Amino acid sequence: MPTMTAAQRREQARAEYDAFIKGCPTNQLLDRLSDKWVSLVVAALSTGPMRYSDLSRKIAGVSPKMLTQTLRSLERDGILTRTVTPSVPVRVDYALTPLGSSLAGLLTAVKAWAETHIEEVHEARERYDGTTD
């Protein structure tokens with residue numbers, strides 16, 4: 001069996017990714033990306049960089065702990081950058097990376113779909129709940 005280079009091993013692994021398999025890294029990434037706070041943070045940053053306090057105000061209902069955890073996980077995954085500007089007080093800005101920008105279009109579309117179709121979903125739930133009582 002011939003020896004493979006690191007690049008060849010990565011390419012082979014990429015071809016074998018299957019998000020339907022629980023242990024697959026893509027399955028784990030989908031789990032992270034399907035979190036509502038991730039979707040809302042990415043959608044908020046799709047319009048440009050924001051400070052932590054601006055994100056906190058824009059995303060109603062997110063706790064400081066959850067926002068911090070979400071921002072850290074997105075930074076770790078390369079979806080956003082955190083830029084600290086020394087000043088008094090210290091200024092921290094968050095912005096999407098090119099990878100994050102490529103994701104933003106998808107998540108913004110899902111957000112728009114939800115906003116457009118929520119009434120239909122409510123009606124479907126009412127019909128379902130009326131038939132299952």
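These legends walk through several close-up views of a predicted model.

**View 1. The region annotated as a domain, residues 24-122.** Let us start with the wider setting. An unreviewed UniProt entry carries the annotation "domain: HTH hxlR-type" for residues 24-122.

**View 2. Helix α3 crossing helix α6.** Here you can follow α3 (residues 36-45) as its axis comes within 8 Å of that of α6 (residues 98-131). The two axes cross at roughly 110°, which makes α3 roughly perpendicular to α6, since angles of 65 to 115 degrees fall in that class. The crossing of α3 past α6 is left-handed. On the α3 side, the contact involves V38, S39, V42 and A43; on the α6 side, their partners are G100, A104, L107, T108 and K111. By residue type, the contact of α3 with α6 holds five nonpolar residues, three polar ones and one charged.

**View 3. Helix α3 packed against helix α5.** Now turn to another partner of α3. The axes of α3 and α5 are 10 Å apart, and the helices pack at an angle of about 75°. These two helices are therefore roughly perpendicular to each other. From α3, the residues in the contact are W37, V38, V41 and V42, and α5 supplies M66, L67, T70, L71 and L74. In the contact of α3 with α5, eight residues are nonpolar and one is polar, with no charged residue.

**View 4. T70 in helix α5.** This view zooms in on one residue of the contact just described. T70 sits in α5, which spans residues 64-76. Its relative accessibility is 4%, so T70 counts as buried, the cut-off being under 20%. Leaving aside residues up to four places away in sequence, T70 touches W37, V38 and V41. For the pair T70 and W37, the separation is 33 residues in sequence, while their C-alpha atoms are 6.8 Å apart in space.

**View 5. The cis peptide bond between V88 and P89.** Take a look at the backbone here: V88 and P89 are joined by a cis peptide bond, with omega at about -5°. P89 belongs to the loop that runs between β2 (80-85) and β3 (91-96).

**View 6. T47 in the loop between α3 and β1.** Back at α3, we can move on into the loop that links this helix to β1 (50-51), where T47 is found. With a relative accessible area of 72%, T47 is exposed, because the cut-off for that class is over 50%. T47 and L96 are 49 residues apart along the chain, and 9.5 Å separates their C-alpha atoms.

**View 7. Q12 in helix α1.** Our last stop is α1, a helix covering residues 6-16, with Q12 among its residues. Q12 has a relative accessible area of 36% and is therefore partly exposed. The C-alpha atoms of Q12 and L30 are 20 Å apart in space, and the two residues are 18 apart in sequence.

Definitions and conventions
Residues are numbered from 1 along each chain as its sequence is written. This is a predicted model: local features need pLDDT of at least 70, side-chain atom pairs count only at pLDDT 80 or more; totals for chains, interfaces and linings use all residues. Side-chain values use heavy atoms; hydrogens and water are left out. Axes are lines fitted to C-alpha atoms, for helices over the stretch in contact, and angles run from 0 to 180 degrees between N-to-C directions. Helices (H or I, at least four residues) and strands (E, at least two) are DSSP runs, numbered from the N terminus. Angles under 35 degrees count as roughly parallel, over 145 as roughly antiparallel, 65 to 115 as roughly perpendicular and the rest as oblique. A crossing is left-handed if the near helix is turned anticlockwise from the far one by less than a right angle, and right-handed if clockwise. Contact means heavy atoms within 4.5 Å. Ala, Val, Leu, Ile, Met, Phe, Trp, Tyr, Cys and Pro count as nonpolar, Asp, Glu, Lys and Arg as charged, and the others, Gly among them, as polar. UniProt positions are given in the numbering used here, feature names are shortened, and annotations may be inferred rather than shown by experiment. Buried means under 20% relative accessible area, exposed over 50%, partly exposed in between (1.4 Å probe, protein chains only).
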